[in-house]
Amino acid sequence: MTQEMPKTYAPQQWEEKLYEWWESMGFFQPEQQIESGLADPALPPFVIAMPPPNVTGALHLGHFITSSIQDMLIRYHRMAGRPTLWVPGTDHAGIATQNVVERKLEEGGVTRHDLGRERFVQEVWDWKDEYHGQISGQQRRMGISCDWSRERFTLDDGLSDAVLEAFIRLYNDGLIYRGNYLVNWCPRCESAISDLEVEHEPIEGKLYTFRYPLRETSAGADMAIEGRSEAAVGHVEVSTTRPETILGDTAVAVHPDDVRYAHLIGRTAVVPMLEREIPIIADEHVDPAFGTGALKVTPGHDPSDYQIARRHDLPFINITNEDGSLNPEAGPYEGLDRFDAREKLWEDMRAAGLVIRETAHTHEVGHCERCHTIVEPLQSTQWFVKMKPLAEPAIDAVRNGRIKIVPARFEKNYFHWMENIRDWCISRQLWWGHRIPIWYGPDGHQFAARSESEALEQAIEQYGETVELEQDADVLDTWFSSGLWPFSTLGWPGETDAAGSEGQSAIISGSAEDLARYYPTSVLETGYDILFFWVARMIMLGVHFTGEAPFRHVYLHGLVRAEDGRKMSKSLGNALDPLDLISRYGNDALRFTLLTGSTPGNDMKLSISRIEANRNFANKIWNAARFVLLNLETASDIELGNEKERHSVTFALPPISEQTLADRWILSRLNTVQAHVTQLVASWQLGEAGRQLHEFLWSEYCDWYIEAAKPRLYGDDQGEAARATCQVLAYVLEQSLRLLHPFMPYVTEAIWSHLPGVSERAEALMTQRWPCSLERKDAAAEEAFGRVQEIVRAIRTVRAQYNVEPGRRIAATFHVDSPEHSPGQEQIAGNESAYSVNGSSALVHENLELLTNLARLDEAQVAVEADAAQGRAVFSAGAADSAAGQDGRAVMSDSTDAGGPAILLAAGGITTCLPLTGMVDLEAERRRLGKELADIERQIARAEGLLNNEKFVSKAPERVVQRERDKLKELQTRQERIAESLAQLRA
RNA sequence: GGGCGGUUAGCUCAGCUGGUUAGAGCGAUUCCCUUACAAGGAAUAGGCCGGCGGUUCGAGUCCGUCACCGCCCA
């Protein structure tokens with residue numbers, strides 16, 4: 001607080017400085033938290049394994065939303081006193097990274113094959129080193145309070161050991177197998193990819209219909225059945241979207257019940273251009289309604305044809321090479337690209353008179369997720385994980401509640417996918433990744449080993465002599481290593497499992513201690529788009545290898561979309577760079593926008609205006625703090641409470657007896673907000689929690705409490721009143737900063753560092769304790785202050801309506817109901833904080849100064865009259881003798897007209913009379929009151945309707961009924977008063 | 001084909017076990033540079049909560065159905 005706070009909060013001047021300080025102080029590490037006494041080692045730790053970003057390039061808003069949510073949770077739990085660990089890291093991202101580096105090489109005209117495996121992999125490592133530094137720098141700008149000392153990379157030694165261990169265990173358990181199956185093949189990546197990595201998109205293609213020639217039979221003449229076209233006898237009409245696959249056909253199939261083709265079953269068709277003979281078969285899976293109802297069967301290049309072929313024991317013909325060109329099976333079309341071959345073959349068939357027609361046809365086509373090439377189903381020898389045995393326990397973990405998914409509706413998706421899971425193709429024909437730890441002997445025997453030397457040992461045992469072994473050339477799907485992330489990063493498998501083997505791979509860099517202490521983790525936060533890719537696999541592998549669900553909760557956020565609702569992407573040019581937004585609006589502004597802008601599982605459109613609004617919010621708090629500090633410096637000796645506890649250093653409060661209604665009100669509200677926010681965070685309603693804090697700080701603390709405090713600070717009777725007010729101002733600010741810190745870490749920390757006394761006695765706001773419930777809920781104060789607000793608002797509304805200059809102070813008379821009530825507090829026995837303002841008399845008398853200042857009244861012309869019935873006196877009271885005083889000339893010009901019209905306001909349980917003599921537009925006033933009356937009468941009708949309904953009274957809870965009764969009573973009072981006012985206006 | 005989500009103010013969205021007069025931000029209108037903040041203050045306007053039907057004393061909220069938009073899976 002030594003330096004002056006500038007008028008505007010400048011995030012750029014704080015963020016990097018604060019982050020470096022936090023990090024250097026060790027606040028992000030659980031050991032430090034325990035050592036400093038913030039965390040209680042007896043409490044269960046709160047742990048998050050951060051979803052590792054790919055090392056492919058810059059971070060985007062998706063990373064910032066996940067970081068913001070996790071950081072919010074981490075900061076909250078850290079403040080709540082749990083040892084808190086957030087493990088960061090990056091993912092090698094197999095295909096994605098390899099593609100990026102290949103593309104870079106291509107620019108120099110070099111392919112990975114030119115370099116060879118070893119040199120290429122080195123290139124990728126160089127890339128990784130460069131981008132990793134960039135990424136962790138960006139993450140620091142994002143302000144994430146993770147434990148960098150535990151940072152991991154999926155290809156580092158420890159994690160590679162975990163991958164080896166996992167593979168070998170699964171292999172030995174018979175859950176990993178190698179086989180020749182139809183897989184999704186990307187001809188550009190020249191690799192197999194898993195089902196999940198195929199994206200289906202509608203393509204406007206063509207449906208090609210042609211004549212499949214039939215071989216003549218000796219009984220051919222007999223087959224000519226009446227009513228059938230001649231063509232159908234010598235041909236069968238077939239449609240396809242991929243004519244080139246004709247070259248791989250091994251059958252034509254029709255539905256067994258299809259009378260059109262019944263006579264053809266068992267006959268032989270001839271593959272065009274190849275003259276290969278294939279059978280015509282019947283299969284129930286043929287859809288008679290699609291195309292001509294006759295289906296060409298290409299088992300080597302179509303998954304459903306593959307199934308038909310297996311049922312009918314048909315041969316499989318693979319017609320394509322790995323790069324998508326056709327192989328010798330394609331006969332004269334060998335060497336052509338699959339799409340060129342499509343054209344060429346079709347033209348040749350047209351020349352041969354086989355073509356019937358082409359029609360426009362939109363159909364779903366699989367594309368490679370990474371390079372968008374059209375995927376070719378292809379028979380290939382690959383490695384697979386058997387999923388059923390892994391899925392079942394993973395389904396149970398969610399079904400029996402050991403893992404809860406937020407929002408819960410995603411559990412249904414999870415179950416559906418898991419229950420219909422298919423084996424996972426894990427081998428990739430890439431160079432960047434974990435190489436499959438299988439060595440082949442001369443006879444093809446497989447040795448699963450942690451190292452080549454271990455494989456050789458096994459081989460000697462197998463063959464009785466030393467033989468040449470060859471390691472499998474493929475690498476593992478990148479998600480295989482990510483699937484181990486929550487435990488591999490904590491040191492799994494630890495010394496116990498891998499220590500036995502020799503060689504470099506046995507080095508375990510992680511510590512099993514972390515695994516014991518911090519596993520299972522608490523929550524896994526990520527986007528719903530990788531529920532299957534990643535979350536499901538972590539659960540399966542986690543349960544399988546550790547016997548425990550890897551986390552208790554899965555929190556899924558939605559996608560951050562562009563303002564127009566489209567997905568942000570570089571190619572569309574609508575992607576916003578989070579770092580750029582941070583430097584323009586501040587980390588807190590962007591973070592708060594992401595945290596409050598959507599609910600779990602739902603996408604959000606990020607709007608700049610919202611970020612601006614939240615930047616303004618940060619500035620608002622900054623300025624509220626400026627105001628408080630300005631006054632703190634003049635008020636002497638603000639006491640600090642809880643000095644012994646360095647994590648709960650705060651300002652002392654004045655004794656209850658010195659607290660005003662406004663003090664009690666704001667303290668009660670603080671208490672309520674604290675309770676709500678705590679409860680909301682516990683139930684994952686982070687956005688609502690943030691919104692409540694926003695509402696509290698801006699609309700209550702700033703708009704009302706600070707305004708209410710001003711007269712007490714600047715008033716004549718300085719001294720004690722000012723001091724007490726300062727204490728409450730400072731206390732509420734300080735406590736609010738704690739509550740807001742997880743949502744807006746920087747501005748809160750920056751302000752906190754200015755707080756006199758506090759920042760000297762404690763380390764940092766981020767290591768302060770989350771406020772506990774103070775049980776300072778004061779319903780009476782909230783109710784009473786609410787009435788003050790109502791009165792003030794009513795006066796302001798009228799002032800605005802009559803264009804009374806904002807600076808002008810006006811006269812007012814408050815008509816209260818009970819002259820007997822003397823001003824002063826009444827304390828209810830047994831609850832010293834409870835305070836009741838009995839009747840409107842005490843309320844107005846005690847808050848006269850407040851009302852005067854908030855409504856800009858002229859204190860010399862304010863009167864309180866004990867005549868709630870407000871008879872004629874009302875109209876003479878407003879224009880009292882002093883009416884012409886001060887600057888009241890314009891308004892009060894005819895103030896001598898003591899009986900002139902005045903404005904009567906029924907609000908806050910009293911009637912307020914504003915003698916805006918000379919300004920009152922009788923007609924407008926009648927309209928205003930008439931409208932108000934109508935509104936009240938509508939509400940009365942509603943309440944009466946309810947209360948007259950016997951079923952409502954008997955069935956609704958008493959609480960609800962009573963509320964209606966109270967409401968009705970109040971409405972009737974107001975109705976009465978407004979009606980009287982109206983009557984007088986008309987008189 | 002199966003499943004999920006959305007439809008609330010001009011725009012973007014909240015509204016969690018059904019219960020005051022349905023809220024916020026932005027935008028709009030009027031006024032104000034009042035000694036924390038013009039990135040601000042005061043006030044105002046604007047909504048048969050997508051349609052229809054049902055359950056209930058009571059429905060934005062629960063159920064059914066339809067429409068449109070979007071997503072996932074096959």
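Contact here means heavy atoms within 4.5 Å. This is a predicted model, where local features need pLDDT of at least 70, side-chain atom pairs count only at pLDDT 80 or more, and totals for chains, interfaces and linings use all residues. Residues are numbered from 1 along each chain as its sequence is written, and side-chain values use heavy atoms, leaving out hydrogens and water.

I'll start with two helices. Helices (H or I, at least four residues) and strands (E, at least two) are DSSP runs, numbered from the N terminus. Helix α12 covers residues 388-399 and helix α13 residues 410-419; they pack at about 160°, axes 9 Å apart. Axes are lines fitted to C-alpha atoms, for helices over the stretch in contact, and angles run from 0 to 180 degrees between N-to-C directions. The pair is therefore roughly antiparallel (angles over 145 degrees).

Which residues of α12 meet α13? They are Lys 388, Ala 391, Ala 394, Ile 395, Val 398 and Arg 399, and on the α13 side they meet Glu 411, Tyr 414, Phe 415, Met 418 and Glu 419. The contact residues divide into 7 nonpolar, no polar and 4 charged. Ala, Val, Leu, Ile, Met, Phe, Trp, Tyr, Cys and Pro count as nonpolar, Asp, Glu, Lys and Arg as charged, and the others, Gly among them, as polar.

Next, the sheet. Its 3 strands form an open sheet, ordered β19-β18-β20, with antiparallel pairing; two strands pair if DSSP finds at least two bridges between them. At the edges are β19 (446-448) and β20 (470-471), each pairing on one side only. Strand β18 (residues 438-440) joins β19 over 3 antiparallel bridges, and Trp 439 stands opposite Phe 447 in β19. Helix α14 (residues 452-463) packs on this sheet, touching β18 and β19, its direction about 135° from that of β19.

How values were computed:
Chains are lettered from A and ligands numbered from 1 in the order in which they are written. Angles under 35 degrees count as roughly parallel, over 145 as roughly antiparallel, 65 to 115 as roughly perpendicular and the rest as oblique.
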